[in-house]
Structures are given as structure tokens and as C-alpha cells.
Amino acid sequence: MFLINCPYCGERDQQEFKAGGEAHIERPKQPTELSDDEWAEYLFMRKNIKGVQFERWNHAHGCRKWFNMVRDTSNDEIKAIYKMGEKPPTQ
Amino acid sequence: MTKNLRVKSSEYIDETNRISFKFNGRTYHGFKGDTLASALLANNVHLVGRSFKYHRPRGIMTSGSEEPNAIVQVNPGTNRTEPNVRATEVEIYEGLEASSQNCWPSVEFDIGGINNFLSPFFPAGFYYKTFMWPASFWEKYEFFIRHSAGLGKSPTSSDPDIYDHRNIHCDVLVVGAGISGILAAKNAAKNNFKTLLLDEKNELGGSTIFENNEFNKIDNKAPSEWLKAEIKELKNIKNLEIKTRTSVAAYHQYNYLLARENLTDHLEAKDKTNKIRQRLLKIRAKKVILATGALERPLIFNNNDRPGIMLSSAVKKYSEFYGVACGSRNVFFTNNDSAYESAISLYNKGINVEAIIDIREQSESKIVKKVKEAGIKVYWSHTIVDTAGYKRLNSISIMKLSNDGTSVTGSKISISCDCLGVAGGWTPAIHLYTQSGSKLKFDEKKQIFLPNQNTSEQISVGSCGGDFKIDEIIKNLNQNLKDNLNIKETDLDNIKVEIDQENSKRNIWLLPSDKPLGKTKPFVDYQNDATAKDIKLALREGFRSIEHVKRYTTTGMGTDQGKLGNMHALGIIADTAGVKMGELGTTTFRPPYTPLTFGTIVGRNVGKFFDIFRRTPMNDWHVENKAEFENVGQWKRAWYYPINGETMHQAVQRESKAARESAGILDASTLGKIDIQGSDASEFLNRVYTNAWSKLAIGKCRYGLMLNEDGMVYDDGVTTRLGENHYIMTTTTGGAANVLGKLEDYLQTEWPELDVYLTSVTDHYATASLCGPNSKKILKKIIPDLDLSDENFPHMSFKETNIGHIQCRIMRISFTGEHSYEINVQASYGKDLWKKCMEAGQEFNITPYGTETMHLLRAEKGFIIVGQDTDGTMTPIDLQMDWIVSKKKYDFIGKRSLYRSDTMREDRKQLVGLLTDDPNIVLEEGAQIVSELNQSPVEMLGHVTSSYFSPNLKKSIALAVVRGGKDMMGKKLFVPMENKNINVTVANPVFYDEKNERLNA
């Protein structure tokens, strides 16, 4: 059970949060211009890394804000948390 | 059998408090302070259970939670019964009953014992190998396998006890109150850390509390005396909370631990009632100090499982702590010095010790010399090759061990004995440490796994950290505390320890016998009857991974999770495969450390607290009017209102007719309602719904369909424009929370530039839906001032007005196809609104209807229910709702996906109506649809999604999804059922009032 440092509320129990999958996948601005393959790439393809992964999380039972998290999936160490729109930390 | 083996009074046993209890129907006596195990041993009862596979007689082996054999059914036949309880952990009380498990008709004579003689036919993987063929026989095998599987019996009636949960936050959590745990907790608390100290036993002090080795001294006192003084001091320390009878079950990441605090299990039945039985502590600790101690290992030799064969440390604890002699002719078998301490302990109490068998060549420590002085015979370089005695050990056979330890030589010596204490060295209890995600390393010299890489703020101290001598323990603990708690001085700086302890050990994982391995039974996992030869067989058959060997042989998979034998299993695998233990790794230790009852896990969340449920403001009225309810999401919705003993079918037929012929009323308060405001609100709706919203006039309503980005229908509902920048959206009852979440997600992450604010107002409004040809007259009676003409208040429009002093919002929208109004008022006025409608509607025979009638009425109109007629694979085109998909809009959620090659296929499943040729047959929802009957295998074209008998059309109607259904109008299809085939015809899904004339009736 993680202890997550919500960038708006501070440290809270994982129970209050909802995971939202891989981060930094931007919705194409002009979907109609895309081929089926390109659209499918956006729609379906997600990484599932053993190691450092960039994820979206939502403080669903708190401030309801979305934010990003860098987590090592092999040991669940949370390496960084940053707000939506902020640049991911370089490693 | 009834002789009393109580040898000496013990301060932990209250001999003035005699307690009677029953075991296997027979009454025994013990004293306050006894465990079931110690009380049985005092009555000379060793045989307490039968093993799982071979039904071999088994006795008490240990004195703690690691017990593999002595697992009993407590209070059998009552609603408080609990299976698989370790007799070594049950504190006896007046009236306690317990019985043996896995034996029939009794533990003394067990029919299943025949398995022991058939054991050559039950090798590892026996079930996998035997019951594979013929495949069709599996069901028959399964019956017998299920019958013989499992140990105890679960209770058959509900648990009468109360359970609780408690959250605890602390600076320092100390797990285990042996010498290191006590000293750690004391020094942490003294340095202003809020400290919590837990121990699974009812007394503090661990094994040091009965440590009376005369060669060890702390501050010139015996360690036990010294520690007792320390424990007394704990009571005066602030910041320190101590919980006994509390076992840590799980250690999760980020120092989150679960512990079970046992409050009433040791009390008599009359003292248990109305008290919390167990409390689950949910602990978040800044730092964790693990002081979980070490478990003594047995030795693996032929027939090492007979009742009377125990751990050496347990024999010592029963004598020192409980004052019980486990046997009258005791022998010890060891590979290190600790058995000598046990032997001296018995000797000092006048209990006969016949001999010590030591696989080492020699040891010169003081304690060994003392044993020799006491005249106890020591057999150096010897091993036990066999034991005898079916229900109780009566003798052992020993032989000289070869220099390399792999074979035996010389002649066999037989020694008569009734108790054998086995000492195979100590294994640090690293279970919780590994649960936390931290990594172990193997210490080749000590032949143990030790904590290596910590993943959270934690330290392991004392013997679970690999220190076994009191001087080492105190020295390393002191340093650890200073480093990790950042403190300069501790109580431990000035402690003087004198010690004479030898750590010499000879480690042989599997001891040889004069017989070949195949003819012996050296048990590694006692509870699951896994032997060393099973493990070797698994390796011969090609298993390499330790995890695979574990599952194939079931080693370590019992209720004890292999606390005793896992190390030997690893050792035997390493030796056989010729690899180093360190390279092999360990199996995963999973929570819970000791089993938890379901009651503890769920705590207060039972009965009506099992799940949250939501009730509408009109709920009381529905209850008073005998509505039946159905669960929709977390809501309790009125399902139908039976009168005069009507069946559901009769009630729904009556309600449906009434709603179309005169007037009906539905509680629609559960629909999700989202208030949308902001200068970009219209643009936002354009992006989330498939249809266009910019031109919707203020005061008008529009139906919207929401897709997922994959183009599949996600939700639907009517949205009303209340003002220039103000809308109210309704969602499906079950989808409300998810829709809000999805909209917030897009606003925050994809379109942060939009000026839009979302507020859930589902709970703020109560909604009564008034429908039927007389609905207008009823509303007129309630609000005489409101102009209800079609010109002023047409279909799909909205009015804000008052009913008396109550403000209300009225939408003229319809889910039934009838002329209808949805009246919204502040939730607290909901019941009042409902009653007003009922009063006003009385002369029109207004009929309250539930969700079932609502479903029937909308099906007559061919309106979909998202989640019933759709299942996440239906596009709006599949639903024949092309009309709602804007061709002009550049983009909306899911638009691009509607042009994928797969979503544009002509032969997708599409929504159609179905009419049965016999109008009285109602199809089953979910029934499959085919076009051919005499084909095998037959191709399934689709399935029925909604089906009802329509009282208004006087025939059966159904909605279905059928492959290529759009082009099948009028086609004959079949619905094959178990014993008949139903002929159906594809029809227009709008069955009733196709021209929508009734909306303005």
C-alpha cells in the first residue's frame, strides 16, 4: 500500500488514488488525418515495463486532480511526482 | 495415559487456577497459563493429529506459531468453531473443546492411515499423473479428491463475534518482544519516538525469559532475571504502547503493516459475548524494527515425524516455562550446542536425559562439559537412522556417520526413549522482512539467509538479523539503534555481558540412513507429507526452479507455510543439483504469517455494512407501499410495487398498462446529474457527445450519446441548457461516477484550455417522472399557474418554476414514449413532491411503477439501455442510431474510431427487434440466435439483449444484437433452447407508436 505525495494535498494512503495508465500519451490534435495504424497506436498501444515507468494517477477520493508519477514497477519505489503539464524529470 | 508430567511449579502457570477442557471428547485438566499443547503434554498426550496425505500419527512438535502438526479444530460443532488452529497457540480456558483433524473415525484409529502403507504409490505429483486420463473421468475423480482434501471444517452458521479495525500511525514499530525487541522499544520510546511494541504471545520476553544457562550473565544476573527487571520498567515509559497476543500478518510496501490483535480467544464463552474478538491493526510506521527472532530447525532423518519427536527448544520451553516434562526418557539429537542447554535444563529439573546424539565430531564448550559431568552419554559423529513407535516414539536406532556425512558405518545401536528433542540450528525469521520487498543474501558460513537490501525504513535486530549470542545481540542492536534513530546514548552502552556460547555447527541437510533413500521417510514438510525423496524425484523429473519444485511436491504449501522445513528443501535441492544455496534463491513468503479469520479481515463491514448503499429521498414511501427493490450500482431502486399478492409479472403488466392508458410515476432520482458551467461549456459538450450542441437554445433539452475513444457507446442521457454558459447533464444511474471521472480527465489533461467547471449534483435533486396521457392534467393541478400548452412548453424543453414555495426544474422529456415530465426539486423536498403527485393523480388512478416497468415501456419504443443492449462492443452505427452522429463536427471523443476498418464492417452485430412467431413465448435474455438448425457446429449470429411480454401490444417483444442484422428485416431466425427451438422474425426495434404521436397526446 503506497504512500503517495499528492502534489496538491500532500502524503495520502494509496486507497484514495486511482491509477490511470501510461503517462505522456497525447490525444492527437487532428485524428481524422491519421491512418488506421497511427490511430491504433494512440488508442491501444501501452508499455508494460519492468522498471521505471511514467504513469498517470488521480486523487479520486481527495482533490480529484490528475498528476504524473514515475514509479519503478519492480519494487514500487516512487521516484518522482509532478503536475499535469509539467515536464517529466530527467533521469 | 493420564499420568501427570507437571514437574516443577512455574511462575507463568497459576496452579491455584485449575481448568478443565475437552480434547477429542475426553476431559483433561490444566492450569491458567497453559496452552492446549502444554496442557496435553502434561497429561502425556502426544498424539494429536494425522498428517494430510499419509494420515500418519503426529504429535506436538513446537511451542509456537511455526507448529506444523498439532493443528486442531477448536470448539467443533459450534458457530465459534475454527479449523487449523495451532494447539501451541491456544490458551486454555474453562470449557474449551478441541478435536483432531483429518482423521476418521478417530485420531487413535484412522481409516486413512492405510495411505501410509500405500505410500509407495503416492509419489510427488501423484494426482497430476494419475487423474489425467481418461479426461472424461475427471468429474468422477474430482468427487473423491474433494472429499479427501482439506484439513479442518469451516463453521456452517454465521460468526457470532464482533471484529474491528483500527488505524495506527507511529514513529517506530517494533515487531517481537524478545530481548532485542524490548530493548529496542524501550530506547526508542525514551528518545521521544512514538513507539508500538507487538508480540504474538501473551507474555513478553521471547525465549530469553526462560534462559537459565548458568554460563551466561547480563550485569551479573541470569539473562531471564535481568530481562524480567527490564520488562517491569517498560510500564513506566511514556510514548510506548505494548500489545501482546498480537501477530503481524503482513508487511507491505511503505511500512504499512497489518496485525491481528487477539482480545477474547483466551476467555471463557461467557466472557466472550459482546466483546470485540479480534482487531485488525492497520499500521503505518515511519520506521520498523523487526525483532522476530529465529525458528529452530529440525533435522531430516528417516521417520523423523513420530509423536514424541519435538524441537529441542520446545522441550526446553515446556520444561522451563510451563513446568512440563515432555517425556520420561529423553534423548536429544543435534548438530550444535543448543540441545545441550535443553538437556541441562531438564537435568536441573530432575527429568531423565538418556543421551545426546551429536553429528559433530566434538565440541569443547562449557555447556558440553557440564553435560558430560552430569553423566549424560554423548554419541559424537552419530546419526539417527530410524525411529520406532507408531503412535508414540519408543526407540531410536543410531549409527556412526562417515567423515563426509553422506553414509553410515558400523553397527546399529538402539536407544529406548519416549521423547526426542531435535536441534538443527536456527533460522532467522525473515518472513516479514521479505514481505516488505527487501532482499536476502545467503551466509555460507552460518548457512542461513540474512537481511541484505532494505527497501524501506527498517532494521532487523537480534536473531532475525543473524545475531544469536546475547553479547552480539546487544552490541549490534546498540549500534543499529544509534545509526537508525539518530540517538547518541542508549541504556545499552553500559551493559556487561558474560557469555560462553559456542556457535560451532555441522550442517547436513539430509542425514543418511542404512537403508536406501527410497525405503525411508525423511519428512521435510510435515503438514503436507513432503519427504526428501519427493524433492529428489521432482529434480529427477526435470524441475529446476525452486518455485516449481515447491508446487510439484507441495513443500511449504500447508497452513504453516513451511516455516520449519523450507530451508532443508532448499538445501536438498542445492546439494542434489550441485549449486550453491545463495544462487537458488528462496520461495516467496506471502502474507499472512499466520492465518487470519475472515472476520478479522472484513471487520465491521458485514451485513448491512458490507457495501455502501444509496437511497432516494422517496425511499420511505416505496417501503411503506411494499415495493420490491433492485440494486442499480449502489442504489436501492424500486423494482415493482406488487399489490394483493401479485407476482412480478402481474405487477409489471398492470403498471405498464396504467402508464400508457392513464398515468404512471417513477422515482428517477438516481439518474446521474452533472452541473456544467463555463464559457466553453457548449464547445465541451460538442467534444464529448456525438451530436452537435452549439445551436441548442436556452431552455431546450437534447438527448446525447457519449462514446469511448474506441468508438463504443459509453453512456447516454438528456442534457438541458439552463443558460448561455450553463447546462445540466443527466447520465445513466450506474455510469454517473465514471462519466464525471472521464469528463474531468479530459478537461484536466487533454483540454486544460477550456473554461468549464463540473459539479456532481446527483444527490442534490430528487426527480419524479410523471408520464401517461393524463400527466399534463396532473401537473396542471400541482402547478396551476404554469402554461402547459405545446406552444409554451413543448416536448424537449425545460421550465424553472415553483410548486408552492418549492423551487423546481421541469423537463418535458420522455423515456417511455408517453407525454411526460421530469420534475426535479431540492432533495429534501423529494418525498413531499412525490406525495403531491400521488394526491393530484388519484382521480386518474396514477400508478407508481418501478424499474422493471420502465425497462418494458422503453423496450416497446426500442430505446436502448446502455449496459443492457450494449456491452462495450457496440458503436452508434451498430445500434442503428446513425442519426445521432454528427457528420459536420470535426472531432468528438471516439469519432476517429468510427472510421476504422473494423468498426465499418457490414457484418458487425447490430441492434434489431425480434418477434416470436408464437406471440405468447417470451425469449430469455441472453439466449443465442442462429439461422440454421441442422448445422454442426452451428454459427451463433447474436443474442437477445432485452425481452418482455408487452401488455400494450399483447405480444412478446425483444431487442437483440445480430450479425448483419440491419439487412435482415423480416428474416426468419431461430432461438434454440434446451428442449425446444423458438422461431423468431427480425423486426423494427420500435414496436410501439412508431410515429411518436403519443408524445403530444
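1. Let me start with a strand pairing: Ile71(B) has Arg86(B) as its bridge partner in S6(B). Strand S5 (residues 71-74) of chain B is joined to S6(B) by three bridges, and the two run antiparallel. Here strands (E, at least two residues) and helices (H or I, at least four) are DSSP runs numbered from the N terminus, and two strands pair if DSSP finds at least two bridges between them.

2. A word on the source: this is a predicted model, in which local features need pLDDT of at least 70 and side-chain atom pairs count only at pLDDT 80 or more, while totals for chains, interfaces and linings use all residues. Residues are numbered from 1 along each chain as its sequence is written, and chains are lettered from A in the order in which they are written.

3. On confidence, chain B has a mean pLDDT (the predictor's confidence in each residue, from 0 to 100) of 93, with 97% of its residues at 70 or more. For the complex, the predictor gives an ipTM of 0.98 and a pTM of 0.89.

4. Back to the sheet. In chain B, five strands make an open sheet with mixed pairing, ordered S2-S1-S7-S5-S6. Its edges are strand S2 (26-32) and strand S6 (82-86) of chain B, each pairing on one side only.

5. Now the interior. Buried is defined as 20 or more other C-beta atoms within 10 Å of a residue's own, with C-beta atoms placed from the backbone.

6. Ala343(B) deserves a look in your viewer. Setting aside neighbours within four places in sequence, its contacts (C-beta atoms, placed from the backbone, within 7 Å) are Phe332(B), Val353(B), Ile356(B), Val371(B) and Ile376(B).

7. Chain A has one helix and six strands, arranged along the sequence as β-β-β-α-β-β-β. Its C-alpha trace spans about 45 × 30 × 25 Å along the principal axes. Of the 91 residues in chain A, 13% are buried.

8. Finally, the interface: 17 residues from chain A and 20 residues from chain B take part in the contact. Helix H1 (residues 36-44) of chain A gives the largest share of the chain A side, three residues.

Conventions: Contact = placed C-beta atoms within 7 Å. Buried ≥ 20, exposed ≤ 12 C-beta atoms within 10 Å, placed from the backbone.
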